[in-house]
Amino acid sequence: MKHKALSIFVLLLALATLMPAGILAQDMVELELWYHGGTQEENDETRAQVDRFNAMQDAIQVNFVELAGSLVAGTGYNDAVNAAAVAGDLPCILDLDGPNLYNYAWAGFLAPLDDYMSDELRADILPSLIDQGLYNGKIYAMGQYDSGLALVGRVSLLEEVGLRIPTSIDDAWTLDEFNDVLASLQALDSVEYAIDLKMNYGAGEWYTYAFSPVVQGFGGDLIDRETLSAEGLLNGPEAVAAMEWIKSLFDNGYATLTPPDDNEFINGNAAMGFLGHWMATGYYEAFGDDMIVLPVVNFGARQATGMGSWAWSITTQCDNPDAAWAFMEFMLTPEEILSITDVNAAVPGRLSALAMSELFGEGGRMNIFVQQLESGIAIPRPITPGYPAVTSAFFTAMDNIIKGGDIQAELDAAVDKIDQDIADNDGYPVQS
Amino acid sequence: MRRLTRFQGHETAYAWLMSAPALIGLFLFVALPLFGGLYWSFTNKRLISPLPTKYVGFQNYQNLLGLQIIRLEPEIDPATRQARIDAEGNKIYPRTRTIVRGNPAYQGYREWFTSDVFGGRYVVIARDPTFLRSLINTFVFVLVIVPGQGGLALIMALLVNQRLRGRYVFRTIYFSPVVTSMAVLAIVWTFLYNPDQGLINRFLSAVTFGNFQPDWLVSADSALVAIIILSAWQAAGFQMIIFLAGLQGIPQSLYEAAQIDGGNTWQQFRHVTIPQLRNTTIFVIISTTILAFRLFTQVDVMTKGGPQDATVTVVFHAVDTGFRQQKIGYGSAVTVLFFILVVTIALMQRALLKSDVEVE
Amino acid sequence: MSANIAGEIDYRARRGQSRRRLRRFLILVIDYSIMIGLAMFFLFPIVFMVVSSFKPEKLIFDDLKTIAWAFIPREVTLENFTSVFRRVPFGRFMFNSTFIVLATVSAGLLVNSMIAFALARLRWKGKTAVLSLVIALSIVPLDAIVVPLLVLVNEFPWIDGSIGWLDTLHVQIIPFVADAFSIFLFYQFFIGIPRDFDEAATIDGGSPFAVYRRIVVPLSRPVFATVAILQALFLWSSYLWPLMATRGEASRPLTVGITSFYGQDVKWAQILAFASMITIPVLILFLLFQKWFVQSVAATGLKG
């Protein structure tokens, strides 16, 4: 019995050492790339882009690795990146969700891209992407696209309830109008409830991305963008009012806390959807011209919506940053940008690509997203190395609130956590 | 003493040689991390940070355990010198946060809960209310799971120990969740627990005509219950097998003797089965307790400790602070306290339970 | 409900009392009702999972509206399974999990039984100290040391000269080979084997290792089986450690594979297909060996 067990062990060990061995051409540079996952379609297209890059030249081979991830930055992906950073084992090319870059850049994991980017390229990049990529005066990440947060609805249902349908960001619904819309849609027999808020993504980056603009719309914010402290903003009366309104959506039954998956709008359970661009294509396929992308609601204090998306970066642990940039340059060509944004309906990250796009160009179906970014109503998530603590404090508080917690107490706790994190890190002194 | 010489003096050498692999493993992967964790718990070491690691003494422990009670005085109306009263006739109290933030002695504290007792309002403030809540949740879980799951397991063992047709089938069914990974089951049960569309509430709704449909994982009141049900469901089969082994070890002659004495079924159970199962029960209690303290997977997959910390456990808090929030020093302090807790309870249980084993 | 209702029933029945016969029948009905009720409770999630994994996504939700249909595969498709294979390297995850379990368990059986043999059957200086150490360490929960362990293994060298074990298969194997609780189980069993056998071997001029290999091991099959099964169950469902110590798909086990799959683009039909593919092979293995398993547990003295 022992002998058998021992020989099986030795055999398996031998097998394991042989497994990863790959055969490589001698002078080929091999780069690892980590990708967060995305929707199935997005994932397939990104893989195809990497394949295209590998096929068009012989010098660089990019190895696509899809990590535990989620549509919006999930703990899974961040856990993996953190573990890799500790192990000094980051890939050359790292896919990261916008706001996390400040922490990584502060910790020294990311290489600045400024020297690689030509002036031409830089001038052609969507300004919002430059803003998101900048930390401490340098650009650390560049995405192929920016995100769009919007309401979607069905023309037929909106016409049935007979309320005004906005067509551009200038005539967005006011809060009162929107409350009427929700109440009327809720009364329809053909749907189960008024709006799908994508709560299936769970307490995580989605909450911050989608609902911190609501807080801003009411006049609050996550943190003070100058002092980085959250006191008075995240727990002020405006933020409390925003949270009361969000909670009322669930209390009134307009939204459910537990949609089982991403399909509540497609399958007709929900009359509207509040969602990121990444679902828009599938929804359009389901409803065709009946689906309409609506501008975000004007909550009173200001118009606000989310921005920032997944971006590519080069790590300081990369032995071949030049080769990594060659890949990024390829990914940032207008053709490749459009090939992915056609699939995920994100806003193309270059002005030249934007001009070529049917979806996003003037009068295009998704043009609302561009209007939101260009008009400045899209607000970047806080640019601070403490962002991981900020977002975690916010989404935890919001999750507790919508599940019955006391609004003021939860927001106070979030503020304390954010300020405690700043203290723990000696105020995040800039590293030279 | 023949044994001393039987291996011609090689015995010690062989003993060390045969022990070496295990000892090296235990040293490197159990003892060393244990001491490493103890060491780091006195520092502010972070997983990833450009800042240098500093020695912080007992700061992490103070932050974990910091707890104070303040008595709130109602606001006094300067005009009447009486406590101010709101529309519903209740006294108006100042906001706890104002007091905590205004007093340097309370720095770093936040409100955990407030309670009106003994004619006054008391606020319990803590530096890390989540940790204290995790202690409570973990104890609640252990106190419910150990008797609950153990009792269920005993009932199942008694049932399938009868010489009934089909007992092997039932035994297999009861055991089947045990061989399935908790990570998998937690995902499947998340779907089952969906309040609107999940199988469990669809069923409850049909049976109770819509009168009983808990929110399960979504509500702070029921989330821990939901996790307890899943946990007991998954693991009861294991304890059942151990009880079954215990039952099959009871000599048949004892039952025969009891029957001759005229004992009925209950009396046989009471006077033969229970005393004979004493050792088995002790083993089940000790092992279930230790396993229950380690509650993590279900929580991580299903609730991430929420809502409102209702399901946060000590191990979850250790991983959340030490790994996800990257505060190695702090997370290590949590694990050191966890270790002390588990060892204390294990030793206490052993002392209490083993003392009357000797009677047997 | 007693262990001995059946025995009692037989005894009474032989005396041919008709009132007793009715009573016996009633008890039987109650017994079976409880057993069947419990069986449904223990089976429904697994049956629902397997049945649904063969349904198209939309049908799962439609069928949930009527409970009965939820358990009937009225439309069968393999698409969920093919989608899983297309989206993730399921075979790789399966290999990783299987390899980790087999390697750890087989190495663990050898390593832990050897030290237990030395502790239980040999006389040597330091034995008492080592034994107390093992018992003390058996209380240490793995969860209490994962955070520091992660930092430590990241500094350990490996045979190919690299530093750091993270994101490998061996980081999921080597730390779990030596296991204090397994040692303790072996020790308890070995100490109960009569010593006469050793002496016979000693007379033949065997070394302690020969006694271990030729006498103690062959006599200890039940404890080997029990330890193997306990360790295998523990490792197969291991989640916390691989979650922290691995990241890429290359060394990811099934548990982390499915939770990360669950974290991205939720498609329940596919998730349930994934879950079924993890569960069914183990259930089949268990069905084949279950009788043997119960006997081993009984013989090992796991009952205390």
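A salt bridge is taken as a side-chain nitrogen of Lys or Arg within 4 Å of a carboxyl oxygen of Asp or Glu. Side chains of opposite charge can pair when their charged atoms come close. The structure is a predicted model, in which local features need pLDDT of at least 70, side-chain atom pairs count only at pLDDT 80 or more, and totals for chains, interfaces and linings use all residues. Residues are numbered from 1 along each chain as its sequence is written, chains are lettered from A and ligands numbered from 1 in the order in which they are written, and side-chain values use heavy atoms, with hydrogens and water left out.

Over all chains, the count is 31 salt bridges. In chain A, A:Asp114 pairs with A:Arg122, with 3.4 Å between the closest N and O atoms. A:Arg122 is partly exposed, at a relative accessible area of 32% (buried means under 20% relative accessible area, exposed over 50%, partly exposed in between; 1.4 Å probe, protein chains only). In chain B, a salt bridge joins B:Arg71 to B:Glu73 at 3.3 Å, N to O. B:Arg71 is partly exposed at 41% relative accessibility. B:Glu73 is partly exposed at 48%.

A further salt bridge links A:Asp416 and B:Arg101, whose closest N and O atoms lie 2.5 Å apart. This pair crosses between chains, from helix α17 (residues 407-424) of chain A to helix α3 (residues 96-102) of chain B. Helices are DSSP runs (H or I, at least four residues), numbered from the N terminus. A:Asp416 is buried, at 12% relative accessibility, whereas B:Arg101 is partly exposed, at 45%. Both residues belong to a network of salt bridges that also includes A:Glu231, A:Asp412, B:Arg95 and B:Arg97.

Conventions
Helix = DSSP H or I, 4+ residues; strand = E, 2+ residues; numbered from the N terminus.
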